[in-house]
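Thank you all for making time this morning.

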Amino acid sequence: MEASILTGALLATALAWGPLPVKEVVIDAPGATDVDRLAGILAVRAGDTMSRAEIRRGVRALVASGQIEDVVVEVRPDGEGVALAVKLQVASRIGAVRLSGLARRHQRIVQEIMDIHPGQPLLVASFEDAVERATSALRSDGFPDARLDASLDFDRTAGTVGVSLDGAAGAPLLAMSVEAPKAGLDAADLRRATGLRRGGRLSIQALSQSRARLTGELRKRGYWETEVSQPRVTGSGSDAV
């Protein structure tokens with residue numbers, strides 16, 4: 001996540017040209033348990049010379065720590081120097097995690113991709129990306145209508161967030177017929193060559209393996225330069241071809 005840096009009228013007209021000393025750094029981090037540690041990560045202190053590059057470096061370091069979700073830095077004139085007001089949005093720590101609506105195998109897929117556990121800081125942008133990847137994995141497993149709905153319950157007082165994931169696989173995509181008009185194989189040989197059985201679930205992995213198997217079979221038959229195109233599925237649910 002890109003953190004915000006608000007500098008107001010910094011270096012535009014409000015501040016004089018040339019190096020300026022930092023007179024004060026005030027950090028506002030509601031919910032933080034160790035503000036001194038966060039100040040150490042920012043590493044911009046009173047007495048330093050004002051440097052936009054160092055402020056950006058400190059902001060990126062705070063976000064990279066996994067403890068901070070967003071940063072706003074305001075720089076204002078302070079006598080012959082500047083004062084920095086740093087507003088931090090502390091990442092809430094995960095409380096309870098609930099996963100429902102999916103078969104055990106699909107729960108394992110989601111858990112592996114999400115990789116969230118109580119006590120971890122939760123960064124919303126990363127969490128949303130993981131939900132999208134987990135949903136894609138379920139659909140790639142041969143369930144094109146799979147969904148994964150996420151909800152977050154923030155307790156600002158406790159600094160925690162409860163995570164609920166409610167999924168539904170939907171109907172599987174099943175192979176009802178297999179066609180490869182240019183392969184020169186009858187229906188039974190084509191099924192044996194591809195490994196696609198009638199009623200079998202068409203996951204991305206199964207389709208990729210069927211392509212490789214058919215290529216290998218045709219080359220064994222003497223068609224050395226055979227290339228099999230990516231399988232194309234028509235229909236849906238139990239009527240896929």
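This is a predicted model: local features need pLDDT of at least 70, side-chain atom pairs count only at pLDDT 80 or more; totals for chains, interfaces and linings use all residues.

The largest pocket has a volume of about 680 Å³, and 27 residues line it, with E179, A180, S229, P231 and R232 lying nearest its centre. Which helices supply at least two residues each to this lining? They are helix 5, covering 187–194, and helix 6, covering 204–220, and of the contributors it is helix 6 that gives the most, with five residues.

Those two helices also meet each other. The axes of helix 5 and helix 6 come within 7 Å and cross at roughly 115°, and helix 5 and helix 6 are therefore roughly perpendicular to each other. On the helix 5 side the contact is made by L190, R192, A193 and T194, and on the helix 6 side by S210, R213, L214 and E217. Sorted by class, the residues of this contact divide into three nonpolar, two polar and three charged.

Now to the second largest pocket, whose volume is about 370 Å³. Its lining is made up of 19 residues, and those nearest the centre of the pocket are P30, G31, A32, V90 and A91. Here the element that gives the most to the lining is strand 3, residues 81–90, with four residues. By class, the lining of the second largest pocket has nine nonpolar, six polar and four charged residues.

Next, a second pair of helices. Helix 1, residues 35–42, and helix 2, residues 52–64, have axes that come within 7 Å and cross at roughly 130°, which makes helix 1 oblique to helix 2. Helix 1 brings L38, I41 and L42 to the contact, while helix 2 brings R57, G58, V59, A61 and L62. In terms of class, the contact of helix 1 with helix 2 has six nonpolar residues, one polar residue and one charged residue.

Finally, a word on charged pairs. How many salt bridges does a search of the whole structure find? The search finds 11, and one that I would like to show you is the salt bridge that D129 forms with R133, where the closest N and O atoms are 3.1 Å apart. Because D129 and R133 are four residues apart in helix 4, residues 124–140, they are separated by about one helical turn.

Definitions and conventions: Residues are numbered from 1 along each chain as its sequence is written. Side-chain values use heavy atoms; hydrogens and water are left out. Axes are lines fitted to C-alpha atoms, for helices over the stretch in contact, and angles run from 0 to 180 degrees between N-to-C directions. Angles under 35 degrees count as roughly parallel, over 145 as roughly antiparallel, 65 to 115 as roughly perpendicular and the rest as oblique. Contact means heavy atoms within 4.5 Å. Ala, Val, Leu, Ile, Met, Phe, Trp, Tyr, Cys and Pro count as nonpolar, Asp, Glu, Lys and Arg as charged, and the others, Gly among them, as polar. On a 1 Å grid over the protein atoms alone, a cavity is a set of points where a 1.4 Å probe fits but cannot get out, and a pocket is an open set with protein on both sides within 12 Å along at least five of seven lines; lining residues have an atom within 4 Å of a point. Grid points are joined across faces, edges and corners, and a volume is the space filled by probe spheres set on the points. A salt bridge is a side-chain nitrogen of Lys or Arg within 4 Å of a carboxyl oxygen of Asp or Glu.
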